[in-house]
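Here is a short report on a ligand site and the protein around it. Start with the model below.

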Amino acid sequence: MQDLDTLEKDMVAAITGAADMQALEAARVAALGKKGQLTQLMRGLGQMDAEERQTVAPRLNQLKDALNDAVNERRTALNAAELEARLASEKIDVTLPVRPRPAGTIHPVSQVIDELTAVFADMGFEVAEGPDIEDDFHNFTALNIPPEHPARQMHDTFYFPEKDDGERLLLRTHTSPVQIRHMQAHKPPIRIIAPGRTYRCDSDQTHTPMFHQVEGLVIDKSTHMGHLKGCLEEFARSFFEIEDLRMRFRPSYFPFTEPSAELDIGCSYAGGELRIGEGDDWLEILGCGMVNPRVLDHVGIDPDTYQGFAFGMGIDRIAMLKYGIPDLRDMFDADMRWLRHYGFVPLDIPTLAGGLSR
Ligand code: DAH
């Protein structure tokens, strides 16, 4: 029995001293496994006489229980310690400062394109695209601007050198050729906007050789001037975020629309400062009209069945108006101080639900 006491002490010490799960398992197997010390002793019971067995057997059973208890206790302790260590290593310090605002900003032109796209998308418009390098047909002829038309001079076109076959490609002078390309490729009903770069050989405080426009085109069987008016009024109110914005349609002329109009919005120039939606002056923001049947003829859409409206607007200009940017040329100077001042936080994507410009 003295031996058993020592043995018990040693085995329990091995179990409680196990540093990890692996060591604990080794200690358990050494005592209680198939070839373990206690298992061997149990086997020895068979050789004992009845009297001896009666004293040794209960002691061995008691020892077995004690060892099992010790193993379980140690296992629980090791599990708890492991969890503790994981919790300590995986914890997040929620008091850390949030990430700093990214150094880059979104250019006001990109921001305004996103804003107006959100407004028109809400009215069911799709975004269409066309090439910056155009041919004469798409930029002029198909838009009812024939070769000797004075509108060609007004556009101050950048031409490429003449090709062998006499054709001269050009940088598109407006986004209107996207109307033509879209109508050539798609059947009505059509409802698109086409924002993009445009080019004219012109440079002063209010003109840059590269600028941005957005074109709009709606073609259907019964689209009329009332739709044009409602659509553009809705746009202007949403875009400038002024519910009671004053507006007027003024008769105008464009070769590709008949009748044509320009949309003015109410503003004030009091104190030399322009304020949209105040005062009783007017500011022109876009050209529009009912698509000229000759344009529809050029793209193979029957003008006796289909009609629609179109509009074109300078994006840089409405960006300047909305965000109080004084000089157009600064927009394209890539001056970091200007970009930091007028730029927008990336990921602040304009939506009608979230507010166009917070
Ligand atoms: N393309 C014209 C320009 O650049 C703008 C314009 C006016 C587009 C009337 C249109 C429109 O689609 O209907 O000056």
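E215 puts a polar side-chain atom 2.6 Å from an oxygen atom of the ligand. Taken alone, the ligand exposes 350 Å². The protein buries 90% of that area. Keep in mind that this is a predicted model.

In R200, a side-chain N or O atom is 2.9 Å from an oxygen atom of the ligand. In H174, a polar side-chain atom lies 2.9 Å from a ligand nitrogen atom.

## The pocket and its shell

Where does the ligand sit? The space taken by the ligand is the largest pocket.

How many residues surround the ligand? The number is 15. The closest are H174, S176, R200, Q213 and E215. By class, the shell holds eight polar, five nonpolar and two charged residues.

## Domain layout

The protein chain is divided into two parts: domain 1 covers 2-90, and domain 2 covers 108-342. The C-alpha centres of domain 1 and domain 2 lie 87 Å apart in this predicted model.

Terms used: Residues numbered from 1 in each chain as written. Predicted model: local features only at pLDDT ≥ 70, side-chain atom pairs only at ≥ 80, totals over all residues. Heavy atoms only, no water. Near = heavy atom within 4 Å. Polar contact = N/O pair within 3.5 Å; in protein donor to acceptor, adjacent residues only side chain to side chain. Areas by Shrake-Rupley, 256 points an atom, 1.4 Å probe, with all protein chains shown as cover. 1 Å grid on protein atoms, 1.4 Å probe; cavity = no way out; pocket = protein on both sides within 12 Å on 5 of 7 lines; lining within 4 Å. Sits in = over half its atoms within 2 Å of the grid points. Nonpolar A, V, L, I, M, F, W, Y, C, P; charged D, E, K, R; others polar. Domains from an automatic or database assignment.
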